Amino acid sequence: MQQLHQQRALGRRDARIGAMLGGSIQSRGRAVGLRCQAAVTTISPARAATALAPSTRLRPLGGIDNPLEMEKDICNIISKYSPDYVKSRVLRGPGDAALVALRIAEITARVSWFTATLYADRLMGHEDTPERVRLRAAELRELLTVLGPSFIKAGQVLANRPDIVREDYMNELCVLQDDVPPFPDAVAFAMMEEQLGRRLEEVFSSISERPVAAASLGQVYKAVLRDTGEEVAIKVQRPGVEPTILRDLYIFRTCGGLFNALSRKRLGCDAQLIVDEFGEKLLEELDYTQEAKNIEEFERNFRDDPTVKIPWVRPDLCGTKMLVMEWIDGIRCTAPDSIRSSGVRVDDFIKCGVVSGLRQLLEFGLFHGDPHPGNIFCLRDGRIAYVDFGNVAQLSARNKAVLIDAVVHAVNEDYRAMAEDFIKLGFLAPGTDITPIVPALEKIWADSKGQQLSDFNFRTVTSKFNELVYQYPIRIPERYSLVIRSLLTQEGICMTLKPEFHFLEVAYPYIARRLLTDEDPALRERLFQVLFQDGKFQWKRLENLLALAKEGASGGRASNGPDAAGGLDLSDTAKDALRVLLLDDRLRTQLMLALTEDNKLHISEVLNLLRLVQNDINPQKLVTEVVRDAPSLGRQLLLSWADRVLVS
């Protein structure tokens, strides 16, 4: 009986979501639109001021002649990467040129052998047989591992680039591991003392004799601080890794220049730009001082969120090759059975993870670029904890606005406008003929006709989109590749913990709440666009949006922000709606027409809405804020009236 009730509840939830976005909009279409919305960044004025402060990692856009800078738009996390910087570090003397030549010879020999096996498969007709494809994909993964850290990282990036690599190879690269044997402990301890400028005994009362983890770029030790007695993790960089990576980046970019023409035709950009995007992120990961700053900003963002744990960092003990941060004592998401048997409520933990990921994208604009299971912990009290902040990314204000538009176009099934959004976001080159792409986008939605929310997952939609990417000159910019990878990884972790988990059942209520309560005028404007279709007000959409938002607010700990337990407060939304109605003649006219649509008064719809929100609006708070803002509102009304008089 209980299971029957749960199934009926899920059916009602699906119906509400379907009604909210319009009867003709398909589930997978809604999901892709939502994925685009998840990439939107919403930053309050105060947070924007903080984000642009000198102490953070943002810098103004550089010269427009630099195509990589043009890709970055308004601002970006500081990186020391540039082609000139790499060349100056690699070619310091005649001997360096010889090292580059030797490295090219090694790479050429190994890659040529692998290419020869692919050519032999083609000659024998085995090129596309499943067994041979799996074999060659595994050999490619092993080849990248042997060639070293820059190739391992390149493989991890290619695992999320369907515009470059075919899907069957991508699936193999998704399991690419960078676990390698640790380098000698004596070398690690010597590097720590060099970075600290003093003996280890002066800083740590104890330190593990062996690393607790080792990867391609560095390894981690556990220690206890002498001054506070707190346990910390010490991350120290593998010696010699930076010169090797710089040399490889120089080789990648030089070779990329040979394929610029092909890349422009196939992807709409130079191959060297793709190398530049990759190189910039890779050098960020090598700079542990930068990672310390990343941790500090993430900690500020989640400071008031009781569901998320961000470790503190000791900047005074950090250097470019050493990082000292709080030791996280929890269960890695690589051990789902341990999490399930720990007594933690799995559903609540999953909700914490989904909402925290969406907050990074929707509110902070700064998101974890590599949230794989090894970087996420489940704490004993049910909180989620993140580690490894070397790979983070940020979206600009301009791209935020375009992504919001893409969501609205997805909801309204305006596929031509959506294709134009792809140009604005950098997926398509300016001037691309979008005529053949429009029906292809529509087909992705149409393929899901009749599909229930419970059948949806991001990987299915991504697979469909990958087919589109492979057929048309679409290139996925690095920042959006990270967004997609982040969402796919989170969904994969959740499904490992709970196979019947459905990402959108958590995401939809959260995003509905953000649409209704966010202070960003851009989001409010898009909300109005969603509520009007073909000039008609969508009463059912608004009702279901409110119902989903109330459902998200009732999630308690997994709801948004420090006031999560307080439920849904629509007082500010009501005040803003009143302001817009008074100042916006067009919207006021639309609402009046909505109330009298089809030659009848829609009193019942208004009453239904009032019943939905009666417990979510604080009358005293609303009146107080309206009175407080009355002078400003009166001034705006007067100016608006004066403008109309002058125009007339």
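A: The protein, shown here as a predicted model, has a secondary structure that comes to 30 helices and 15 strands. Of its 648 residues, 51% are buried, and among contacts with a separation of 6 or more, 72% are accounted for by residues 24 or more positions apart.

Against that background, the part to look at is the packing of helix H6, residues 94-123, with helix H12, residues 241-256, whose axes are 10 Å apart and meet at an angle of about 70°. Since angles of 65 to 115 degrees count as roughly perpendicular, H6 and H12 are therefore roughly perpendicular to each other. On the side of H6, the contact is made by Leu 99, Val 100, Arg 103, Ile 104 and Ile 107, while H12 contributes Arg 247, Asp 248, Tyr 250 and Ile 251. Sorted by class, the contact of H6 with H12 holds six nonpolar and three charged residues, with no polar residue.

Phe 252 belongs to one aromatic cluster together with Phe 151 and Phe 278. The count of aromatic pairs in the protein comes to six; one of them is the tilted pair of Phe 298 and Phe 389, with 4.9 Å from centre to centre and 50° between the planes.

How values were computed: Residues are numbered from 1 along each chain as its sequence is written. This is a predicted model: local features need pLDDT of at least 70, side-chain atom pairs count only at pLDDT 80 or more; totals for chains, interfaces and linings use all residues. Side-chain values use heavy atoms; hydrogens and water are left out. Helices (H or I, at least four residues) and strands (E, at least two) are DSSP runs, numbered from the N terminus. Buried means under 20% relative accessible area, exposed over 50%, partly exposed in between (1.4 Å probe, protein chains only). Contact means heavy atoms within 4.5 Å. Rings of Phe, Tyr and Trp (its six-membered ring) pair if their centres lie within 6.5 Å; planes under 30 degrees apart count as stacked, over 60 as edge-to-face and the rest as tilted. Axes are lines fitted to C-alpha atoms, for helices over the stretch in contact, and angles run from 0 to 180 degrees between N-to-C directions. Angles under 35 degrees count as roughly parallel, over 145 as roughly antiparallel, 65 to 115 as roughly perpendicular and the rest as oblique. Ala, Val, Leu, Ile, Met, Phe, Trp, Tyr, Cys and Pro count as nonpolar, Asp, Glu, Lys and Arg as charged, and the others, Gly among them, as polar.
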